[in-house]
Amino acid sequence: MATNRTFTMLKPDAIENGHMGKIIDMIIEAGFDIKAMKYTRLTEEQAKKFYEVHAERPFYGELVEYMTSGPIVAAILEKDNAVADFRTLIGATNPAEAAEGTIRQKYAESIGRNAVHGSDSDENAEIEGNFHFSANEIF
Ligand code: DAT
Ligand code: MG
């Protein structure tokens, strides 16, 4: 069933570079409601599991290392058409190809250190949200 929720992480580069507040502001300004949010750091086990679909890709080891290199902000967001609208707000995976005004165009360092995660389907939004939050942490 289609849902109106998506899941995001503000990645270590975004936090390190001081962009946390500005990115959260862009998300709220774009009409997303925050249903759950936490400041946390992924363990190696969590990062490996989260990016399991990329396990065979050459960048997997680097991705896991980067995603565990510092704190992140994880959040569940709600809005009509949340998954697609959030992917539009963040822009292309590679910031060099991200549209003007998108979060990645403004704040990402590179294709690997690209500031923010957004779920790619309703099904994954649900799985990813449940991976990070229990029912009593979602408002
Ligand atoms: P997205 O995060 O836009 O959904 P993805 O699911 O294809 O992109 O890849 C997950 C993450 O893996 C991505 O945010 C950054 C990293 N990544 C993807 N392609 C990469 C590449 N060619 N080199 C280095 N890191 C890459
Ligand atoms: Mg993806």
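Modeller: Let's start with Asn114, which counts as buried because it has 23 C-beta neighbours inside 10 Å. Buried means 20 or more other C-beta atoms within 10 Å of a residue's own, exposed 12 or fewer, and partly exposed in between, with C-beta atoms placed from the backbone. The model is predicted, so local features need pLDDT of at least 70 and side-chain atom pairs 80 or more, while totals for chains, interfaces and linings use all residues. Residues are numbered from 1 along each chain as its sequence is written, with chains lettered from A and ligands numbered from 1 in the order written.

Colleague: What does Asn114 touch, leaving out residues up to four places away in sequence?

Modeller: Contact means C-beta atoms, placed from the backbone, within 7 Å. On that basis Asn114 touches Lys11, Thr93, Pro95, Arg104 and Ala108.

Colleague: Is Lys11 buried or exposed?

Modeller: Lys11 is buried, because 27 other C-beta atoms lie within 10 Å. Beyond its neighbours within four places in sequence, Lys11 contacts Met67, Ile72, Asn114, Ala115, Val116 and His117.

Colleague: Which residues does the UniProt "binding site" annotation cover?

Modeller: Such annotations use the numbering here, with shortened feature names, and may be inferred rather than shown by experiment. The unreviewed entry lists Lys11, Phe59, Arg87, Thr93, Arg104 and Asn114.

Colleague: And which residues surround ligand 1?

Modeller: A residue is near a molecule if its C-beta atom, placed from the backbone, lies within 6 Å of it. Around ligand 1 are His54, Phe59, Leu63, Thr93, Ile111, Gly112, Asn114, His117 and Asp120.

Technical notes: Contact = placed C-beta atoms within 7 Å.
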